[in-house]
Every structure is written in C-alpha cells, then in structure tokens.
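Student: Could you take me through one part of this structure up close? I'd like to look at the loops and at the core beside them.

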Amino acid sequence: QVQLVESGGGLVQAGGSLRLSCTSSGRALSSYAVAWFRQAPGKEREFVSAIWRDGSCVYSESVKGRFTISRDNAKNTVYLQMNSLKPEDTTVYYCAAGGRLRGGTSGWTTGPWYDYWGQGTQVTVSS
C-alpha cells in the first residue's frame, strides 16, 4: 500500500514560484511512476507531468518549460517545481502513483493508469 501526501501549495503572485512535494508512506515511491494532475471545481482532471522509475519525464503542453518534475528516492519524495506561475494555474494539484508492475509508460498521462492518489494541495496564483 501507498499513502500519498502532497504539500507546498499556497498563494503566490503571477510570475512567482512554488515547489510541491509528494511523499509516500508504505512502499517506496522509487518502485512507481508518479504523476501530478490538477483539477478545478466543475472541470475535468488535467494531466500536468509524470516521472518514470528511471527518471524520464513527460509534461503537458500547458506547463512545459515552466514546471519541472523530479524525484529524490532517498527522501521517498517527488517534487513539482513550478516557475512563472500564471493565474490559470490556480487549482488543486494531486499526486498519483502507479505502474509498479508495468513495463512501460503507455497511457501514463491518464488518471486511470494510477493506483494511488493523494488528497491534493491548493495552488492559488493572483494576478
């Protein structure tokens, strides 16, 4: 079992930065692909970024060049560094873990691919 806890959200002005953290209790996160999604009230969940067990990454077009995902296996934590934040980045961000028994990343930008989810952390970007 994996329990995920996100932290690092908050209020920031447009152009500012935040670093989100996703920490696991239970199984080591190094065994999983980990992703960040976001979802605003009344809207569909949106893929943000994911990192594979070997450190390879993928980003949505809306955050590419501004956000960086990374993992520190010694701390059992995955980070999402968010720079040049925009008001449209305002929403709740969720981390998700999955793929422990998968051999590849096909489908890993979709929610159902993941087995475990955190409770979310609010990010608010003021204009």
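Tutor: Let's start with a cut-off: a residue is called exposed when its relative accessible area is over 50%, and buried when that value is under 20%. Keep in mind that this is a predicted model. Now find G65, in the loop between β6 (57–59) and β7 (67–72). G65 has a relative accessible area of 80%, so it is exposed. G65 and N83 sit 18 residues apart in sequence, and their C-alpha atoms are 8.8 Å apart in space.

Next, move along to the loop between β7 and β8, where you'll find N76. N76 isn't a glycine, yet its phi is positive, at about 55 degrees. N76 counts as buried because its relative accessibility is 16%. Then there's S84, in the loop between β8 and β9. S84 isn't a glycine either, and it has a positive phi of about 50 degrees. With 40% relative accessibility, though, S84 counts as partly exposed.

Now for the core. The largest nonpolar core has 25 residues, and the ones touching the most other members are L4, W36, F67, V78, L80, M82 and Y93. Among the elements giving two or more residues to this core are β7, β8 (77–82) and β9 (91–98). Let's zoom in on V78: beyond its neighbours within four places in sequence, V78 is in contact with residues including L20, C22, W36, I51 and I69. Another core, of 10 residues, lies apart from the largest one, and F47, W52, W108 and Y114 are among its members.

Technical notes
Residues numbered from 1 in each chain as written. Predicted model: local features only at pLDDT ≥ 70, side-chain atom pairs only at ≥ 80, totals over all residues. Heavy atoms only, no water. Helix = DSSP H or I, 4+ residues; strand = E, 2+ residues; numbered from the N terminus. Buried < 20%, exposed > 50% of the residue type's maximum accessible area, 1.4 Å probe, protein only. Core = buried A, V, L, I, M, F, W, Y, C linked by side-chain atoms within 4.5 Å. Contact = heavy atoms within 4.5 Å.
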